[in-house]
Amino acid sequence: MEKSDSYAILDINICDKDSAQADNNHNKKKTSLTTVIKIQRERGERDYIGFATLPEQVHRKSVKRGFDFTLMVVGESGLGKSTLINSLFLGDLYKNRKISDVQDRIEKTTTIEKKTMEIEERGVKLRLTIVDTPGFGDAINCEDSWRVCSAYVDEQFRQYFTDESGLNRRHMQDNRVHCCLYFVPPWAHSLRQVDLEMMRRLHRKVNIVVVIAKADSLTAAEVKRLKTRILNDLEEHQIQVYQFPECDSDEDEEFKQQDRELKAAAPFAVVSSDTVLEVGGKRVRGRQYPWGIVDVENPRHSDFTKLRTMLISTHMQDLKDVTQDVHYENFRAQCISQISQHAMRERGKLKRDSMGNNTDVVFTDTDRLLLQKDEEIRRMQDMLTQMQEKLKASDKKHDSIIDV
C-alpha cells in the first residue's frame with residue numbers, strides 16, 4: 001500500500017478459484033485482477049466524513065417529489081378574491097366563472113369550488129390548490145355560512161387521518177387546508193358579526209390570515225384605523241389568527257427587518273390587479289383611475305408585496321408545519337380519544353353480556369373496578385351531552401339575529 005499526502009492507493013488482488021484451477025492445468029499460469037481505489041482528500045480535510053451533504057440530499061429529493069399547498073379564500077362576492085389569486089400566482093384560474101345574478105343570490109348558499117394548477121419555477125414544482133367559497137355572505141340570511149367551510153376542513157383532516165392509518169401510505173396526498181385568506185370589506189368599520197362567527201369556528205382548525213380588500217378606496221389614516229379595530233376585535237373575542245414565528249438569533253439583520261415589517265403590516269390591506277400598464281417606460285401591475293395609477297407592488301400603495309412575500313417566499317413551509325404540528329394533531333388526538341372511548345364502551349358491553357349469559361363467571365375486584373369506571377365515564381358523557389345541548393340552545397337564542 002502506497003501512502004500519499006493527498007490520497008491513498010490500495011492494491012487489491014482478487015483470485016478466482018476456478019480460474020486458478022484452469023491455469024494450473026495450463027502450465028499454472030496465474031492471472032489476477034487489480035483494482036486501484038483512489039480516495040482523494042485535501043490536506044485540511046483528512047477527518048471529513050461526508051454527512052454535511054445531507055441538506056443537498058434532502059433538497060434533491062424534495063425537488064424531485066414536488067410540493068403541495070392548499071389555500072382557502074373566504075369572503076363575499078365583489079371583494080377581488082379571484083383577482084388577488086391571479087395576481088399572486090401569475091395565472092388565470094377563473095376563466096370560465098359564471099357571475100350569478102341578483103335573483104340567484106336571494107337564497108344563495110355557500111359552496112366549495114376547488115381549482116388545481118401545477119406551477120414550476122427554477123426547477124421546483126408546486127401543486128397549488130385553491131379552495132374558493134362562492135356564495136359566502138351573499139344571501140340575506142348568513143347564519144349558517146360557516147358550516148360548509150368548517151365541514152370541508154374537517155373532511156380533509158379526516159381523509160388524511162384515514163390514509164395515514166391505512167396500510168399503503170407511500171402515495172398519500174395532502175389536501176389539508178394550510179392557510180385561509182379571510183377578506184374583510186373596506187366599507188366595514190370593524191369585523192362584522194358574520195366575520196367573527198366564521199373566524200371563531202375556523203381559528204382552531206386552520207391558519208387564518210386577514211386581508212382588507214380594495215384598500216385603494218381608503219385613505220392611509222382610514223386603513224390604519226381599520227387595522228387597529230380589527231386587531232382589537234380579534235383580541236376581544238379571543239380569535240387566534242396566524243402568528244408569525246420569532247426569528248432566530250443567528251439570522252441576518254436584513255431578514256429580521258423584513259420580518260418586523262411583515263408583522264407590523266398585518267392585517268394586510270391589499271390592492272390587486274391582473275392588468276399590466278405602462279408607466280414612465282416601465283410595465284407594472286396596477287389599476288388606472290382618472291386621478292392616476294395605483295401600482296399594486298408599490299408598498300406605499302398596498303400591502304400586496306408583503307402578503308405575497310409572507311405567503312410564498314418566507315412562511316409557506318411554516319404554514320404547512322403549523323397545520324401538521326398544531327391543527328392536525330389536535331384533530332388526530334380527538335379522533336383517537338373517540339376511538340378509545342368507543343372501544344371501552346364495547347368492552348364493557350361485552351363483559352356485561354358475558355356475565356348475564358354465564359352465572360358461573362368469576363367476578364374479580366379488577367372487573368368490579370373496571371365496571372365502576374365505565375359506568376362513571378358513561379354518566380360524565382351524558383352530563384357533557386346535556387351541557388352541550390344547553391349551550392347550543394343558548395347560542396341559537398343569542399345568534400338568532402346576525403348583523404350582516
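This is a predicted model: local features need pLDDT of at least 70, side-chain atom pairs count only at pLDDT 80 or more; totals for chains, interfaces and linings use all residues.
Residues are numbered from 1 along each chain as its sequence is written, and side-chain values use heavy atoms, with hydrogens and water left out. Local features need pLDDT of at least 70 and side-chain atom pairs count only at pLDDT 80 or more, while totals for chains, interfaces and linings use all residues.

**View 1. Glutamate 164 and arginine 332 form a salt bridge.** A salt bridge here is a side-chain nitrogen of Lys or Arg within 4 Å of a carboxyl oxygen of Asp or Glu. The structure holds 15 of them. In this pair, the closest N and O atoms are 3.8 Å apart. Glutamate 164 belongs to helix α5 (residues 145-164) and arginine 332 to helix α10 (residues 316-357), so the bridge ties together parts 168 residues apart in sequence. Helices are DSSP runs (H or I, at least four residues), numbered from the N terminus. Glutamate 164 is partly exposed, at 22% relative accessible area. Arginine 332 is partly exposed too, at 31%. Buried means under 20% relative accessible area, exposed over 50%, and partly exposed in between (1.4 Å probe, protein chains only).

**View 2. Aspartate 174 meets arginine 176 in a salt bridge.** The N to O distance is 2.8 Å. Aspartate 174 is buried, with 14% relative accessibility. Arginine 176 is buried as well, at 4%.

View 3. Arginine 200 is partly exposed, at 39% relative accessible area. Glutamate 197 is buried, at 7%.

**View 4. Helix α3 crosses helix α9.** The axes of α3 (residues 81-89) and α9 (residues 304-314) come within 11 Å and cross at roughly 65°. Axes are lines fitted to C-alpha atoms over the stretch in contact, and angles run from 0 to 180 degrees between N-to-C directions. The helices are therefore roughly perpendicular (65 to 115 degrees). From α3, Leu84, Ser87, Leu88 and Phe89 make the contact (heavy atoms within 4.5 Å). From α9 come Phe304, Leu307, Arg308, Leu311 and Ile312.

How values were computed:
Helices (H or I, at least four residues) and strands (E, at least two) are DSSP runs, numbered from the N terminus. Angles under 35 degrees count as roughly parallel, over 145 as roughly antiparallel, 65 to 115 as roughly perpendicular and the rest as oblique.
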